[in-house]
Amino acid sequence: MTVGEQIKILCVRSGISVSELSRRLGKTNQAFGQKLKRGTFTVDEMKEVAKAVGCTYEGAFSLPDGSKVEY
C-alpha cells in the first residue's frame, strides 16, 4: 500500500474528504493531489497530516531484539 493510499484511507476513517485535509494543511487541492500521487511525504509531513485529522503518526523500525529506531 502506498503512502497516498494510506492517507486516503485515513481520510475515510476520519470522516473527511481529501479536499478538506488539503484545506486543513493549507495546501491547494491540486498540489496536495499531486503529492498524494507521488507519495513523497517526509516524517514531519506525516505528523502534520496526523495532527490535521486528530490522530498521531508513529514511524519506527522495530528490531528483532525488541528495540526501536524512531524518528
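Phe32 is placed in helix H3, where helices (H or I, at least four residues) and strands (E, at least two) are DSSP runs numbered from the N terminus. The structure is a predicted model, in which local features need pLDDT of at least 70 and side-chain atom pairs count only at pLDDT 80 or more, while totals for chains, interfaces and linings use all residues. Residues are numbered from 1 along each chain as its sequence is written, and side-chain values use heavy atoms, with hydrogens and water left out.

The mean pLDDT (the predictor's confidence in each residue, from 0 to 100) of the protein chain is 93, and 99% of the residues score at least 70. Among the elements, helix H2 (residues 18–24) has the highest mean pLDDT, at 97, and strand S2 (residues 68–70) the lowest, at 84. Where pLDDT is low, the predicted coordinates should not be read in detail.

The secondary structure of the protein chain consists of 4 helices and 2 strands, arranged along the sequence in the pattern α-α-α-α-β-β. Along the principal axes, the C-alpha atoms fill a box of roughly 45 × 25 × 20 Å. Of the 71 residues, 24% count as buried; buried means under 20% relative accessible area, exposed over 50%, and partly exposed in between (1.4 Å probe, protein chains only). Contact means heavy atoms within 4.5 Å. Among contacts between residues at least 6 apart in sequence, 39% join residues at least 24 apart.

The axes of helix H1 (residues 3–14) and helix H4 (residues 43–53) come within 11 Å and cross at roughly 10 degrees. Helix H1 is therefore roughly parallel to helix H4. Axes are lines fitted to C-alpha atoms, for helices over the stretch in contact, and angles run from 0 to 180 degrees between N-to-C directions. Angles under 35 degrees count as roughly parallel, over 145 as roughly antiparallel, 65 to 115 as roughly perpendicular and the rest as oblique. Helix H1 contributes Val3, Ile7, Leu10 and Ser14 to the contact, and helix H4 contributes Met46, Val49 and Val53. These residues divide into 6 nonpolar, 1 polar and no charged, with Ala, Val, Leu, Ile, Met, Phe, Trp, Tyr, Cys and Pro taken as nonpolar, Asp, Glu, Lys and Arg as charged, and the others, Gly among them, as polar.

The structure holds 1 aromatic pair. The pair is formed by Phe32 and Phe41 and is edge-to-face, with 6.0 Å centre to centre and 75 degrees between the planes. Rings of Phe, Tyr and Trp (its six-membered ring) pair if their centres lie within 6.5 Å; planes under 30 degrees apart count as stacked, over 60 as edge-to-face and the rest as tilted. Phe32 is buried, at a relative accessible area of 3%, and Phe41 also counts as buried, at 15%. Leaving out residues up to four places away in sequence, Phe32 touches Ile7, Val18, Leu21, Ser22, Leu25, Lys27 and Phe41. Phe32 and Glu70 are 38 residues apart in sequence, and their C-alpha atoms are 26 Å apart in space.

Lys35 is likewise placed in helix H3 (residues 29–38). Lys35 has a relative accessible area of 15% and is therefore buried. With residues up to four places away in sequence not counted, Lys35 touches Thr40, Phe41 and Glu45.

Ser67 lies in the loop between strand S1 (60–62) and strand S2. Its relative accessible area is 33%, so Ser67 is partly exposed. Beyond four places in sequence, Ser67 touches Phe61 and Ser62.
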